[in-house]
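Please consult the sequence and the structure shown below while reading.

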Amino acid sequence: MVSVKAIGLISVLAAIILPTKNQLFVNTDQPDWDEMYNNHFANPVIQWRSFIGIFVQWAASFAAWVLLGAVWAQIRGDQYDYNLNTTVLFNYVVSDTKATQNTIKAVSFGALSIIIFQKLASKGSPIPVPQKVDIVRGRREAGWKDGWETKEDKILRTSNVYSDQTSQDLKYSKESDPEDVPHNWVKIHSHSHYQTFPEILIDALNQNLEPNGIGRIFFLNTVMATAQFIFWLACTLLPRF
């Protein structure tokens, strides 16, 4: 039984490590600023994905603390302080001291997160992921804006490794004839300005609630939690006067 578990564990580790072994410690990629701007910050799907994530995390955090507070109230019984004390909360908001200490924490968390992100990025290069792209000539889809891309280092036949979009954002047509266009040209579509709001919302929800999106959110939250942990760990070394 133990050997079966060991084999299973080794298989899982191999499945995780083998696809990445050739890319670890090989940092050959560079930031794609055009991709970063157009496909992330200026992309309405990404924007609404972020709005949804912000609200869900805020609401989930509040609900979790309220639930834990209720559990703690049951544990503490009469010793639990039920007074909300709005005066103390108001003073916390308007206090210059509290504002300064919160600013220091926010800047420190951000700086530590930057270091973590950059360190992780320096440990390897993105793995080329097969991506279906549409190279059909003359075909028009309602609501899609067509364009041609000639930079092989930006959008390749084999991958678009920097993209925040899932494969559903690049449509593939069985009627496509690769001989109709030069081999280094691929047809790209930009549908962000033509999507209806329900379509944008569905894409945003897909990117947050499907397993890949959940994994991305978990990674980002882990980095932020690590930055906060490092900050407070450093604070334990501070002397008191």
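Angles under 35 degrees count as roughly parallel, over 145 as roughly antiparallel, 65 to 115 as roughly perpendicular and the rest as oblique. Axes are lines fitted to C-alpha atoms, for helices over the stretch in contact, and angles run from 0 to 180 degrees between N-to-C directions. The model is predicted: local features need pLDDT of at least 70, side-chain atom pairs count only at pLDDT 80 or more, and totals for chains, interfaces and linings use all residues. Residues are numbered from 1 along each chain as its sequence is written, and side-chain values use heavy atoms, with hydrogens and water left out.

**Overall organisation**

- The chain has 7 helices and 2 strands, where helices (H or I, at least four residues) and strands (E, at least two) are DSSP runs numbered from the N terminus.
- Along the sequence, these elements follow the pattern α-α-α-α-α-β-β-α-α.
- Of the 241 residues in the chain, 22% are buried; buried means under 20% relative accessible area, exposed over 50%, and partly exposed in between (1.4 Å probe, protein chains only).
- The accessible surface of the chain is about 17,900 Å², and carbon and sulfur atoms account for 66% of this area, by the Shrake-Rupley method with a 1.4 Å probe.
- Among contacts (heavy atoms within 4.5 Å) between residues at least 6 apart in sequence, 87% join residues at least 24 apart.

**Helix 5 and helix 7**

- Helix 5 and helix 7 pack with their axes 8 Å apart and at an angle of about 120°.
- The two helices are therefore oblique to each other.
- Their crossing is right-handed, a crossing being right-handed if the near helix is turned clockwise from the far one by less than a right angle, and left-handed if anticlockwise.
- Helix 5 contributes K105, S108, F109, L112, S113, I116, F117 and L120 to the contact, while helix 7 contributes residues including F219, V223, M224, A227 and W232.
- By class, this contact of helix 5 with helix 7 comprises 13 nonpolar, 4 polar and 1 charged residues; Ala, Val, Leu, Ile, Met, Phe, Trp, Tyr, Cys and Pro count as nonpolar, Asp, Glu, Lys and Arg as charged, and the others, Gly among them, as polar.

**Residues of helix 5**

- S113 lies in helix 5 and, at 4% relative accessibility, counts as buried.
- Apart from neighbours within four places in sequence, S113 is in contact with V223, M224 and A227.
- S113 and V223 are 110 residues apart along the chain, yet their C-alpha atoms are separated by 6.3 Å.
- I115, also found in helix 5 (residues 96-121), counts as partly exposed at 48% relative accessibility.

**Contacts of helix 6**

- Helix 3 (residues 44-76) packs against helix 6 at an angle of about 60°, with the axes 8 Å apart.
- That angle makes helix 3 oblique to helix 6, and the crossing is right-handed.
- In this contact, residues of helix 3 including P44, W48 and R49 meet residues of helix 6, among them F197, D203 and Q207.
- The contact of helix 3 with helix 6 has 10 nonpolar, 3 polar and 2 charged residues.
- The axes of helix 6 (residues 197-209) and helix 7 (residues 211-235) come within 4 Å and cross at roughly 65°.
- Q207, N208 and L209 of helix 6 meet P211, G213, I214, R216 and I217 of helix 7.

**A loop residue**

- N85 lies in the loop between helix 3 and helix 4 (86-94).
- N85 has a positive phi of about 55°, although it is not a glycine.
- With a relative accessible area of 33%, N85 is partly exposed.
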